Amino acid sequence: MAGGRPRTFDSDAALDGAMEVFWRQGYEGTGISDLLKAMGISNAPSLYNAFGNKEQLFRKVLDRYADGPARYIREAFAEPTARAAVEALLHGAADATTEPGHPRGCITVQGGLACSPGAEAARDELTMRRAAGEAALRERLQQAGRSGELPDGSDPERLARYFTTIYQGIAVQAAGGTPREQLHQIVDMAMTVWPQRPGA
C-alpha cells in the first residue's frame, strides 16, 4: 500500500495527550517515552512521521492549547470594551489555570521556565507567544485611549505590562496551589487600578 500502513491512533487525542504531559512536566522535563505513552503511540518513528520532532510537536500542542483550554483569551478580546476584555482575560485565566482534570497553571508560562541550551528553541517559542499576547493587549488599550474609553493621561503601554504581569502571576500562583476563589479576588483587586475619569 502506497504511503505505508495507516495510522492506528487518533491525531486529536494524541495531541491532547501530549498537551497534558507538556503542561504537567514542561518541555525539557518531558521525554519521548513520556510522549509515546501519553499519546498512545507505539514507537518514536510513528510519532515523528505524524507530528515531526519534539520541538515541532510542542508547537502543535501550543496551537491546540490556544484553541482549547486557552480559548477564553480569544473570547475575552471579543468583549466590546477594553476594560471588559481585560477583566474577562484575568478571570478566564483564574478559571482555566485551576480547571479540574487539567494540570494547574498555564502551559505557556510553565512550559519553559527552566531550559538548558538544547531547549532554547522551545523557550524562545514560549517567549515569543507571551510577547505577542502582551502586544495584542497593548494594542487594545491603545485603541481604547484613541477612542476615549481611557481618560487623558492614561498610559496604555504601562497598563498592558501591568495586566500581563498579573495574568502570568495568576498562572504561577495557580500552579503553586492557590485556590480559584483567591485568584478571582486578586483579579478584582488588580482591576482597581483601571484609570477612572475625574468625578467618576
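The structure is a predicted model, in which local features need pLDDT of at least 70, side-chain atom pairs count only at pLDDT 80 or more, and totals for chains, interfaces and linings use all residues. Residues are numbered from 1 along each chain as its sequence is written, and side-chain values use heavy atoms, with hydrogens and water left out. Residues 15–60 are 74% helix and 0% strand, and their end C-alpha atoms lie 8 Å apart (helices, H or I of at least four residues, and strands, E of at least two, are DSSP runs numbered from the N terminus).

The structure holds 15 salt bridges, each defined as a side-chain nitrogen of Lys or Arg within 4 Å of a carboxyl oxygen of Asp or Glu. One of them joins aspartate 12 to arginine 64 at 3.6 Å, N to O; because aspartate 12 lies in helix H1 (residues 11–25) and arginine 64 in helix H4 (residues 54–67), this pair ties together parts 52 residues apart in sequence.

Within helix H4, glutamate 55 and arginine 59 are 4 residues apart, or about one helical turn, and form a salt bridge with closest N and O atoms 3.1 Å apart. Arginine 59 also meets glutamate 125 in a salt bridge of 3.0 Å, N to O. Salt bridges that share partners join Glu55, Arg59, Asp63, Glu125 and Arg129 into one network.
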